[in-house]
Amino acid sequence: MNNIEEFKIRVINLLQSLNISNVKNINIFMEAFTHTTYSNEHKGSRNYQYLEFLGDAIIEFIVTKEIYNRFPSYTEGIATKHRAYVVSNKTLSKLSNKLGISSIIRYSKNAFINGKNEKVDSDFFESFVGALFVEKGLNFVEKFILKYLDSYIDQVNKNDFSNPKSSFQELIQMHSTADIVYRTNIADKGGFISEVIVDKQRYGVGYGKTKKEAEMNAAQNALDILILK
């Protein structure tokens, strides 16, 4: 048995374990579980990236609609923070590992010498959702997504977003693994001024009587700017 057939069998077994049957196009799932390092070495192979792009949008749509329906009293800002928590790299990577997606990814030998991070596992969950949409359609995907994300949507309430530093971190982790740095100094007129930096880019600035307050205000400023975008 060659490696392609072995990989195909692993993919089929995973789908069966998730009660996904009558699959007409197994190749779309094989694509969803193929890392770029593998496709670079095997020129006939397609990788997960385009399906990840599709899956990301679908997950955001489903979660946004569900939050809108369940929490009609939310402001836009709170709804955005809630969605950021639910679809964060941390949440989706947990699901990727729980469902067994992370364990069957096809990649080159040197791809993850230092281990996979949350962003990688999250991306593959999104590519899987993209493939599931192509194969089964939106209604099927929505039921599947809510089956696994329902508890994350329900366990959050408005008070969970009272810490802007945590909320900003969740929002950034949706799309980046870069470190968040708070550059805090004494302000000219007393108190402190803080800048929140991600990947050498300033996202927000805040003032406060204490260092902690300045950092909180910087994070809130960054959140306000991102939400307005």
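Phe-144 and Tyr-148 both sit in helix H8, four residues apart, or about one turn of the helix. Helices here are DSSP runs of H or I with at least four residues, strands are E runs of at least two, and numbering goes from the N terminus. This is a predicted model, so local features need pLDDT of at least 70 and side-chain atom pairs count only at pLDDT 80 or more, while totals for chains, interfaces and linings use all residues. Residues are numbered from 1 along each chain as its sequence is written, and side-chain values use heavy atoms, with hydrogens and water left out.

Back to those rings. Phe, Tyr and Trp rings (for Trp, the six-membered one) pair if their centres lie within 6.5 Å; planes under 30 degrees apart count as stacked, over 60 as edge-to-face, and the rest as tilted. By this rule there are seven aromatic pairs. One of them joins Phe-29 and Phe-128, with ring centres 6.1 Å apart and planes at 45°, so that pair is tilted. Because Phe-29 lies in helix H2 and Phe-128 in helix H7, the pair ties together parts that are 99 residues apart in sequence. Phe-144 and Tyr-148 have their ring centres 5.0 Å apart and planes at 55°, so this pair is tilted. Phe-29 and Phe-128 are both buried, as are Phe-144 and Tyr-148 (buried means under 20% relative accessible area, exposed over 50%, partly exposed in between, with a 1.4 Å probe and protein chains only).

Now for the wider packing. A nonpolar core is a set of buried Ala, Val, Leu, Ile, Met, Phe, Trp, Tyr and Cys residues joined through side-chain atoms within 4.5 Å. The largest one has 45 residues, and Phe-29, Phe-33, Phe-125 and Phe-128 are among those with the most contacts inside it. Helices H1, H2, H4, H5, H6, H7 and H8 each give two or more residues to this core, and H8 gives the most, with eight. Apart from it lies another core, of eleven residues, including Leu-171 and Val-196.

Where does UniProt place the "active site"? The unreviewed entry puts this feature at Asp-56 and Glu-126; the positions follow the numbering used here, feature names are shortened, and annotations may be inferred rather than shown by experiment. The two are spread over 71 residues of sequence yet cluster in space, with a largest C-alpha distance of 5.3 Å. Asp-56 is in helix H4 (residues 49-70), and Glu-126 is in helix H7 (residues 118-136). Glu-126 counts as buried because its relative accessible area is 3%. Contact means heavy atoms within 4.5 Å, and leaving aside residues up to four places away in sequence, Asp-56 touches Glu-126 and His-175. With neighbours within four places set aside, Glu-126 is in contact with Asp-56, Ile-59 and Leu-92, among others.

Lys-200, in the loop between strand E2 (192-198) and strand E3 (201-208), is exposed because its relative accessible area is 83%. Most residues other than glycine have a negative phi, but phi of Lys-200 is near 70°, a positive value. Asn-19, in the loop between H1 and H2, also has a positive phi, near 60°, and at 63% relative accessibility Asn-19 counts as exposed.
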